[in-house]
Amino acid sequence: MPKAYVFTRYGGPETEALVDVDRPVPGPGQLLVAVRAAGVNPVDWKQRTGYRRPGEQGERDFPAVLGNEVSGVVEEVGDGVEGFATGDEVFGNTAAGGYAEYALLPAEVAAHKPAGVSFADAATLPVAAATAWDGVRQLGLPTGATLLVTGAGGGVGSAVAQIARALGLRTVGVASEAKKDFVESLGAVHVPSGPGWDERARAAAPDGVDGVYDLVGGEVLARAAELLADRTKLITAGSPPEEVERLGGARVARARTAAVLDAVARLVAEGDLDPYVTRTFPLARAGEALRAVEDGHVRGKIVIEVAI
């Protein structure tokens, strides 16, 4: 039977296990994919604790497979699906988990993997890179504008900096001192995080910032808002809607479309976006991969690779 890494109830790491599961059957509008790689994200461990994504409905069935993004090869095509065939190399958001040998992808949030993009890189795009793309496009800053990114050294933040650079924006990235070289390699001006970071950001952008993409929330979000003359150019993926709306900003509006996946994959293929996969783990060590992300100090992205 196929293997999958699951959580058996809400809680901590003690709820996780590698188990045998039935091979999924694609429903209408779905693809069954033989997984080659799965991206690991903070939302994965948060869901294990009971977190529900905005708009997520219904009770979760246990055991629940962890993970929200994969790349792989189409094994079966569900009814009503057009544009995909058995054997296609694809990537996308999962319908019911991705740390597994097989996963279901809704065809509407799946895309063909470009030949020049690795399975590992493609597996990181549906969550972090797509979130970055959606937010940068939402801000709609003109060429030459200055964008401040908090949490610039993580998976989403590093993608934001690179996408902004590709669109002709100047980026100021707030991250730990340990990530200085990494942030600067993304084409951003590094501002050390910690007490006084906002004053250091003012010094790094003496003409002011035109937009803020926040990935931290809380007090950092509040101080970032004070750097803006136009609060409509404040967005966050690190705080709930009510917190950012009080400051005059908004949550990142996720498009979750195949067109966005195609766009970010094209940036990777053209060399404008590097997902920075810094560590990979086999499926049997999925727990270690998730712990590395849960610890909160990852540079770039972590990926689980599934052997053929």
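In this predicted model, Arg223 has a relative accessible area of 33%, so Arg223 counts as partly exposed. Its salt-bridge partner is Asp198, with 3.3 Å from N to O. Asp198 lies in helix H6 (residues 197-204) and Arg223 in helix H7 (residues 218-225), so the pair ties together parts that are 25 residues apart in sequence. Asp198 has a relative accessible area of 5% and is therefore buried, the cut-off being under 20%.

**Salt bridges**

- Side chains of opposite charge can pair when their charged atoms come close.
- The structure holds 15 salt bridges.
- One of them joins the side chains of Lys3 and Asp20, at 2.9 Å from N to O.
- Lys3 is in strand S1 and Asp20 is in strand S2, so this pair ties together parts that are 17 residues apart in sequence.
- Lys3 is partly exposed, at 34% relative accessibility, and Asp20 is partly exposed as well, at 43%.
- Another salt bridge forms between Arg48 and Glu16, whose closest N and O atoms are 2.8 Å apart.
- This pair links distant parts of the chain, with Arg48 in helix H1 and Glu16 in strand S2, 32 residues apart.
- Arg48 counts as buried at 2% relative accessibility, and Glu16 counts as buried at 10%.
- Glu16 and Arg48 also belong to a network with Arg291 and Glu294, joined by salt bridges that share partners.

**Helix H6**

- Which residues of H6 are buried? They are Trp197, Asp198, Ala201 and Ala204.
- Seen down the axis of H6, these buried residues fall within an arc of 115°, so they line one face of the helix.

**Helix H10**

- Helix H10 spans residues 286-294, and its buried residues are Ala286, Gly287, Ala289, Leu290, Ala292 and Val293.
- The strands that these buried residues pack against are S1 (3-7), S2 (16-20), S3 (30-40), S15 (277-282) and S16 (301-305).
- The buried residues of H10 also pack against helix H1 (42-48).
- After H10 comes Gly296, which has a positive phi, near 85°.

**Trp133 in helix H3**

- Trp133 has its place in helix H3.
- With a relative accessible area of 15%, Trp133 is buried, because buried means under 20%.
- Leaving aside neighbours within four places in sequence, the contacts of Trp133 are Ile163, Val260, Ala263, Val264 and Leu267.
- From Trp133 to Ser158 there are 25 residues in sequence and 11 Å in space, C-alpha to C-alpha.

**The largest cavity**

- Rolling a probe the size of a water molecule over the atoms shows where empty space is left.
- How many cavities of 30 Å³ or more does the structure hold? It holds 1.
- The largest cavity contains about 60 Å³ of space.
- Its lining includes Thr124, Leu125, Ala128, Ala129, Gly155, Ser158, Ala159 and Gln162.
- Leu273, Asp274, Pro275 and Lys301 are also among the residues that line the largest cavity.
- Helix H3 (125-139) and helix H4 (155-166) each supply at least two residues of this lining.
- H4 has the largest share of the lining of the largest cavity, with 4 residues.
- By class, the lining of the largest cavity has 6 nonpolar, 4 polar and 2 charged residues.

**The second largest pocket**

- The second largest pocket holds about 780 Å³ of space.
- Its lining is made of 33 residues, and those nearest the centre of the pocket are Val65, Thr94, Ala95, Ala96 and Gly97.
- Which elements give two or more residues to the lining of the second largest pocket? They are S1, strand S4 (64-65) and strand S7 (102-106).
- S7 gives the most to the lining of the second largest pocket, with 4 residues.
- The lining of the second largest pocket has 19 nonpolar, 6 polar and 8 charged residues.

Definitions and conventions:
Residues numbered from 1 in each chain as written. Predicted model: local features only at pLDDT ≥ 70, side-chain atom pairs only at ≥ 80, totals over all residues. Heavy atoms only, no water. Buried < 20%, exposed > 50% of the residue type's maximum accessible area, 1.4 Å probe, protein only. Contact = heavy atoms within 4.5 Å. Salt bridge = Lys/Arg side-chain N within 4 Å of Asp/Glu carboxyl O. 1 Å grid on protein atoms, 1.4 Å probe; cavity = no way out; pocket = protein on both sides within 12 Å on 5 of 7 lines; lining within 4 Å. Points joined across faces, edges and corners; volume = space filled by probe spheres on them. Nonpolar A, V, L, I, M, F, W, Y, C, P; charged D, E, K, R; others polar. Arc of directions from axis to C-beta.
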